[in-house]
Amino acid sequence: MKNTEDQVYIDKVKRGDLASYTFLVERYKDMAYTIAMKIMRNAEDAEDAAQESFIKAYQQLHRFEGKSKFSTWLYTIVYRTSITRLQKNGVPAFSIDEETGDNFSYDHAVPQMEHMHAQEQSRFIKQAISKLPEMEGLLITLFYMNENTVKEIEEITGLSSSNIKVKLFRARKILEAELRFLL
């Protein structure tokens, strides 16, 4: 249903109804910002990258053929714009220390997660994801939070399917250790 609804608005924009683009921006702005934030690691830069991406998408909407979902096409633009801006700015990327929590006892950490409220769980999960290297954090966000398929993520990032699966596997292991450490 979402794809059909998107296509209706896309067709309206292509016919000159510029206000219809607002619907698409509203629908996808949060995930666009999230993707940009995972790469840029700075709220202001992420906002700029997301806004620039929406402008680029609008300017190139006539090239959107509908072979993939609009969201996949848009997130590809957000991803590439963010990477380009990051390279231009020379912003350093930080990664999680793999030794984190080596001296921590994991025996009682997981049951605590079961007793937390959903809001607390969400906060801890977001905190743990923020400590992942940028690419792994992005993949986890796209796959689990946005429910993109591996094929869609492949289109967005340009990574191979097997590379995505390996990075997701590693990211899950790091997340597990980080969540145990946080708890």
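Start by selecting lysine 167, which lies in helix 9. Helices here are DSSP runs of H or I with at least four residues, strands are runs of E with at least two, and both are numbered from the N terminus. Is lysine 167 buried or exposed? At 19% relative accessibility, lysine 167 counts as buried, because buried means under 20% relative accessible area, exposed means over 50%, and partly exposed falls in between (1.4 Å probe, protein chains only). Show its surroundings next: apart from neighbours within four places in sequence, lysine 167 is in contact with Met135, Glu136, Leu139 and Leu159. Contact here means heavy atoms within 4.5 Å.

A word on what you have open. This is a predicted model, in which local features need pLDDT of at least 70 and side-chain atom pairs count only at pLDDT 80 or more, while totals for chains, interfaces and linings use all residues. Residues are numbered from 1 along each chain as its sequence is written, and side-chain values use heavy atoms, with hydrogens and water left out.

**The whole chain**

Zoom out and colour by secondary structure. Of the 183 residues in the protein, 39% are buried. Among contacts with a separation of 6 or more, 68% join residues 24 or more positions apart.

**The nonpolar core**

Now select Ile35, Phe70, Leu74 and Tyr75. In the largest nonpolar core, which has 44 residues, these four touch the most other members. A nonpolar core is a set of buried Ala, Val, Leu, Ile, Met, Phe, Trp, Tyr and Cys residues joined through side-chain atoms within 4.5 Å. Two or more core residues come from each of helix 1 (2–14), helix 2 (20–40), helix 3 (43–59), helix 4 (70–89), helix 6 (118–130), helix 7 (134–145), helix 8 (150–157) and helix 9 (161–182). Helix 2 gives the most, with 9 residues. Centre on isoleucine 35: leaving aside neighbours within four places in sequence, its contacts are Tyr75, Val78, Tyr79, Leu138 and Leu142.

Next, pick threonine 72 in helix 4. Threonine 72 is buried, with a relative accessible area of 1%. Beyond its neighbours within four places in sequence, threonine 72 is in contact with Asn148, Glu152, Glu155 and Ile156.

**The largest pocket**

Which residues line the largest pocket? Select Tyr33, Thr34, Met37, Lys38, Arg41, Lys126, Ser130, Thr141 and Met145. The pocket has a volume of about 220 Å³. On a 1 Å grid over the protein atoms alone, a pocket is an open set of points where a 1.4 Å probe fits, with protein on both sides within 12 Å along at least five of seven lines, and lining residues have an atom within 4 Å of a point. Points are joined across faces, edges and corners, and the volume is the space filled by probe spheres set on them. Helix 2, helix 6 and helix 7 each supply at least two lining residues, and helix 2 gives the most, with 4.

Stay with arginine 41, in the loop between helix 2 and helix 3. Arginine 41 is partly exposed at 32% relative accessible area, and has a positive phi of about 60° although it is not a glycine. Most residues other than glycine have a negative phi.

**Around helix 7**

Another positive phi of about 60° on a non-glycine residue belongs to glutamate 147, in the loop between helix 7 and helix 8. Glutamate 147 counts as exposed, at 63% relative accessibility.

Finish on phenylalanine 143 in helix 7, which is partly exposed at 26% relative accessible area. Leaving aside neighbours within four places in sequence, phenylalanine 143 is in contact with Asn148, Val150, Ile153 and Leu168. Draw a C-alpha to C-alpha distance from phenylalanine 143 to leucine 168: they are 25 residues apart in sequence and 8.5 Å apart in space.
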